Amino acid sequence: MISLTLNTMTLCTSSTVTFDSLIQPFHSGTMKIRVHITPKSGNDKTGPIPVTTSERASCPTTCGLYDKGCYAKSGPLALHWRKVSSGERGTDWQGLCDFVQSLPDRQLWRHNQAGDLPHLFGDIDHSNMAHLVVANTGKRGYTYTHHVLNKHNVDIIQRSNRQGFTINASTESLDAADAAIEKGLPAVCVVPNNKPVPKVSPKGHKVVVCPAQVRNTTCAECKLCSVAKRTCIVAFKAHGSAAKHVNALVSDSLN
Ligand code: SF4
């Protein structure tokens with residue numbers, strides 16, 4: 001066992017994996033973020049895996065669905081998310097990392113059924129991510145991000161993906177998904193639910209509609225979003241009460 005010190009936090013791990021300091025944070029400091037942990041999700045789509053919810057302040061205002069269209073802003077998830085964002089529910093980042101580190105090896109878990117990665121003015125928080133990536137050593141964590149794909153963020157996402165915590169680039173068009181793949185990132189894309197979904201993107205990448213939207217399966221069984229090295233784009237058909245708005249927003253996304 002070795003001990004790793006990241007800022008003021010100490011982690012014990014049986015691996016030598018570190019989130020090294022090649023990436024220099026542009027902004028100093030760390031975002032204090034509230035995260036709720038559901039150890040065993042009751043969600044029919046994810047299946048019984050651990051899932052988390054990060055407070056709303058983690059979302060970038062640049063997200064195309066920030067004001068309208070976010071599926072997490074309606075239904076029971078919206079109520080839960082509000083309570084996490086107000087501080088009524090959840091733990092801090094250390095609590096999240098302690099939980100992740102305690103998971104069994106190879107455990108699949110989804111970070112952020114709502115919310116995004118901690119950031120400072122749109123730049124993903126290097127220190128927090130370093131802590132989480134090391135805590136995830138040996139586990140199969142995955143998530144999605146709408147943060148802008150600037151060099152700072154791409155460097156952190158790439159490094160995280162290489163080290164076992166998969167971060168998908170969330171996009172609203174197949175062109176944007178192609179661009180994310182060209183940056184070396186796994187990509188997902190929201191698509192209209194009232195048009196056929198192409199089998200390939202404009203740049204020739206295979207497009208796979210989320211299997212849980214077309215047949216009786218769960219993320220616990222599918223695991224596709226946790227595969228960082230895939231080259232196919234996972235397409236999510238607009239769903240939920242905002243589907244009509246999302247359809248209008250992404251109506252040209254398949255061109
Ligand atoms: S593609 Fe698979 S892992 Fe990704 S959301 Fe759909 S069912 Fe879950």
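Two strands pair if DSSP finds at least two bridges between them. Strands here are DSSP runs of E with at least two residues, helices are runs of H or I with at least four, and both are numbered from the N terminus. What you are looking at is a predicted model, where local features need pLDDT of at least 70, side-chain atom pairs count only at pLDDT 80 or more, and totals for chains, interfaces and linings use all residues. Residues are numbered from 1 along each chain as its sequence is written.

Let's start with strand 4 (residues 51–54). Strand 3 (residues 35–38) runs antiparallel to strand 4, joined by four bridges, and isoleucine 37 has threonine 52 as its bridge partner. Strand 5 (residues 108–114) runs parallel to strand 4, with two bridges between them; here threonine 53 is partnered with alanine 114. In a regular strand the side chains alternate between the two faces of the sheet. In strand 4, Val51 and Thr53 point one way, Thr52 and Ser54 the other, and all are buried (20 or more other C-beta atoms within 10 Å of a residue's own, with C-beta atoms placed from the backbone).

Next comes the largest nonpolar core, with 42 residues. Such a core is a set of buried Ala, Val, Leu, Ile, Met, Phe, Trp, Tyr and Cys residues joined through C-beta atoms within 7 Å. Among those with the most contacts inside it are Met129, Ala187 and Ile233. Helix 3 (residues 126–135) gives the most to this core, six residues.

Finally, turn to the ligand. Its surroundings include Cys210, Cys219, Cys222 and Cys225, counting residues whose C-beta atom, placed from the backbone, lies within 6 Å. Helix 6 (211–214) and helix 7 (219–222) each supply at least two residues of this shell.

How values were computed. A residue is buried if 20 or more other C-beta atoms lie within 10 Å of its own, exposed if 12 or fewer, and partly exposed in between; C-beta atoms are placed from the backbone.
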